[in-house]
Amino acid sequence: EWQGPNMFDAHNIALSTAETLLLNAAILGIIIFALLKAERKLDESSSWIMLGVLAIFAIAGRILFEPLPNIQPVTVIVLLTGIYFGAPRAFALAGIVALLSNLLVVGHGPWTLFQVIGWGGVGITGALLSDWLQSDQKLNVNRIALVAFIAGFAFNWIVSLSILIQADISVLLPYIFNGLLYDFYHAAGNLAFAAWMAVPLGDLMHRHRIIPNENAVSEVVTN
């Protein structure tokens, strides 16, 4: 798009990390608002369409927060998906988000498989703990935050296993130790996303859930 000589280089603006965070958070907030508006027009039994909406949101969130180390909403979204839709759907969502966001922006390679396994494990955890993570059909945000915080470390350690494709197992523990700060960034980011979006996203998923909690949990065993 040509913008005239006076507009040349006008978009070449350098933002600080804090300004980038605020900008991307604002964009993500707009996406949340738009998705919530669009979701109300879906049929209440449209669980697969709902998963598509969640995938778009998770991919957008991961891309927007990519400049920040290990901070993204995917872990919390997959955890909530496990609670409301069961392990198989949460694992499918994990695969879609990891593959597409890596192909589009973040970078694709053998680690993608480990990311799918890591996020899929988070979804299975949500399904297994679905009753404990809710009280009277409402999310217990404190418990969600606790599980999400732990999941930040667990996910990163699973992804760290990908280095064994090319490296000896003796380097694994030093590699994990050196990355603990980034693991903490992930865990702390999960706390923030759990506080910010667990309740609105939980309400959204609850309206489109087609199986009760106990069936979501049993799918982990029977599938």
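Helices here are DSSP runs of H or I with at least four residues, strands are runs of E with at least two, and both are numbered from the N terminus. On that basis, asparagine 70 sits in the loop between helix 2 (47-64) and helix 3 (74-85). The model is a predicted one, so to speak of local features takes a pLDDT of at least 70, side-chain atom pairs count only at pLDDT 80 or more, and totals for chains, interfaces and linings use all residues. Residues are numbered from 1 along each chain as its sequence is written, and side-chain values use heavy atoms, with hydrogens and water left out.

Read from the N terminus, the order is α-α-α-α-α-β-β-α-α-α-α. Of the 223 residues, 45% count as buried, where buried means under 20% relative accessible area, exposed over 50%, and partly exposed in between (1.4 Å probe, protein chains only).

Most residues other than glycine have a negative phi. Asparagine 70 has a positive phi of about 65° although it is not a glycine. Asparagine 70 counts as partly exposed because its relative accessibility is 30%.

Next comes the largest pocket, with a volume of about 580 Å³. Of the 24 residues that line this pocket, the closest to its centre are Arg62, Asn70, Gln115, Asn156 and Val159. Two or more lining residues come from each of helix 5 (111-128), helix 6 (141-160), helix 7 (172-178) and helix 8 (180-208), and helix 6 gives the largest share, five residues. By type, the lining splits into 13 nonpolar, eight polar and three charged residues. For the record, a pocket is an open set of points on a 1 Å grid over the protein atoms alone, where a 1.4 Å probe fits, with protein on both sides within 12 Å along at least five of seven lines; lining residues have an atom within 4 Å of a point. Grid points are joined across faces, edges and corners, and the volume is the space filled by probe spheres set on the points. Ala, Val, Leu, Ile, Met, Phe, Trp, Tyr, Cys and Pro count as nonpolar, Asp, Glu, Lys and Arg as charged, and the others, Gly among them, as polar.

Methionine 50, in helix 2, counts as buried because its relative accessibility is 0%. Helix 3 holds isoleucine 83, which is buried at 0% relative accessibility. Isoleucine 83 and aspartate 131 are 48 residues apart in sequence, and 8.2 Å apart from C-alpha to C-alpha. Tyrosine 84 is in helix 3 and is buried at 2% relative accessibility. Between the C-alpha atoms of tyrosine 84 and arginine 207, 123 residues apart along the chain, the separation is 9.6 Å.

Finally, valine 106 belongs to helix 4 (residues 87-106) and, at 33% relative accessibility, counts as partly exposed.
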